[in-house]
Amino acid sequence: MHNILAKFKVEMVGTTDDPADSLEHHAAIKESGLATKILPTLRPGHLYNIDNEGFAAYLEKLSKVSGVEIDNYSDLMLAMQSRVNFFHEMGCRASDIGMDVVVYEEYSPFEIDVIFNKAVTGKQLTQEEIDKYRTSLMVDLGIMYADKGWAVQYHMNALRNNNTAMFEALGADKGYDSISDAELARPLARLLNDLATEGKLAKTILYSVNPAHDDIITTMIGNFQGGIKGKIQHGSAWWFNDTKTGMEKQMISLANNGMLARFIGMLTDSRSFLSYPRHEYFRRIMVNLLANWVISGEFPNDFEKLSKIAKDISYYNARNFFEY
């Protein structure tokens, strides 16, 4: 494994880690002398999915590791602040969340307390209650992330576990997921606006598995830029879209409606070590796209400028964005 990381000159790998994880393996890696930085990424999916069975049991686990007795939503936020602090000390500089449907529902603190109490006592929640809780959670966690200077990643609009028979036979994440056409623009704008209004909008990367959302995201990020270059990002073509066509479409959208030169480039599933060549695949597609624009007269034949754009997208923009 170490040789693979060295061969592909991997400087940093961001793992995905639950807030209740001990991160003991990260501590061991730090002591191993591995040249590649292996840093945790906070992924609070168990908290987000308040309607899942086992939510109350998960809170007990989180309470134990955080040292905070979780009796209400305010206690949950205290526990999460403790875990965010711990993750930060362990090198974490990013959070990630899968929001298959992006939601935004107006809520009051009293409502969130009632909803939280219903969930932990095993009572069934309405979809509106679930959406109110999720909105509150994303806002409150987003504020914590901004205070730490983290990057926030939203992966959106997957439609999961569509084949019930295969889900029951094999479980989740076995290839029976697809693209969702759920509404994105309005709830996403309201969520980002809430955080921006509070002055707590962290560096943010937006990924949608639906390619029809490319222009929505590219225009959306322009609403909330400021403070640092490329603060809000249209994330690279993800999942079903990390093909030549999908990558080109995402970059063309970004060039048309945003600023391609600030793009932080490709991501890959770092848990699959053989996926690292995907970055080379991306780089070839990206420079070919730039070259074709030069050939067609759509961009100046300025090698110095083109070289800087290609290098920034391939490396420097991401390096500066994550600040690892």
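1. A contact here means heavy atoms within 4.5 Å. On that criterion, and not counting residues up to four places away in sequence, Lys132 touches Glu105, Glu106, Tyr107, Glu111, Ile112 and Ile115. The model is a predicted one, in which local features need pLDDT of at least 70 and side-chain atom pairs count only at pLDDT 80 or more, while totals for chains, interfaces and linings use all residues. Residues are numbered from 1 along each chain as its sequence is written, and side-chain values use heavy atoms, with hydrogens and water left out.

2. Lys132 lies in helix H7 (residues 127-148), where helices (H or I, at least four residues) and strands (E, at least two) are DSSP runs numbered from the N terminus. With a relative accessible area of 10%, Lys132 is buried, a term that stands for under 20% relative accessible area, as against exposed for over 50% and partly exposed in between (1.4 Å probe, protein chains only). A polar atom of the Lys132 side chain lies 2.5 Å from the backbone oxygen of Glu106.

3. The open sheet has four strands in the order S3-S4-S7-S8, with parallel pairing; two strands pair if DSSP finds at least two bridges between them. Strands S3 (94-99) and S8 (232-234) stand at the edges with a single partner strand each, so one side of each is left without a neighbour in the sheet. From one strand to the next, the twist averages 15 degrees. S3 pairs with strand S4 (residues 151-156) in the parallel sense over six bridges, and the bridge partner of Met99 in S4 is Met156.

4. Helix H9 (residues 185-197) lies across S3, S4 and strand S7 (203-208), and runs at about 165 degrees to S4. Helix H10 (residues 214-221) also packs on the sheet, touching S4, S7 and S8, and its direction makes about 165 degrees with that of S8. For these values, axes are lines fitted to C-alpha atoms, for helices over the stretch in contact, and angles run from 0 to 180 degrees between N-to-C directions.

5. Helix H4 (residues 55-66) has 12 residues and reaches 16 Å from its first C-alpha to its last, close to the 16 Å expected at 1.5 Å a residue, the expected span being 1.5 Å times one less than the number of residues. Which residues of H4 are buried? They are Phe55, Tyr58, Leu59, Leu62, Ser63 and Ser66. These cover an arc of only 145 degrees around the axis, which puts them on the same side of H4; the arc is that of the directions from the helix axis to the C-beta atoms. The buried residues of H4 pack against helix H3 (45-48), helix H5 (73-89), helix H6 (109-120) and H7, whereas the face turned away from the buried side carries the exposed residues Glu60 and Lys64. Gly67 follows H4, with a positive phi near 75 degrees.

6. In helix H11 (residues 244-257), the buried residues are Gly246, Met247, Glu248, Gln250, Met251, Ser253 and Leu254. What covers them includes H10, S8 and helix H12 (277-295).

7. Asn317, found in helix H13 (residues 303-322), is buried, with a relative accessible area of 13%. Asn317 and Ile264 are 53 residues apart in sequence, yet 5.0 Å apart in space, C-alpha to C-alpha. The side chain of Asn317 reaches the backbone oxygen of Ala261 at 2.8 Å.

Terms used. Polar contact = N/O pair within 3.5 Å; in protein donor to acceptor, adjacent residues only side chain to side chain.
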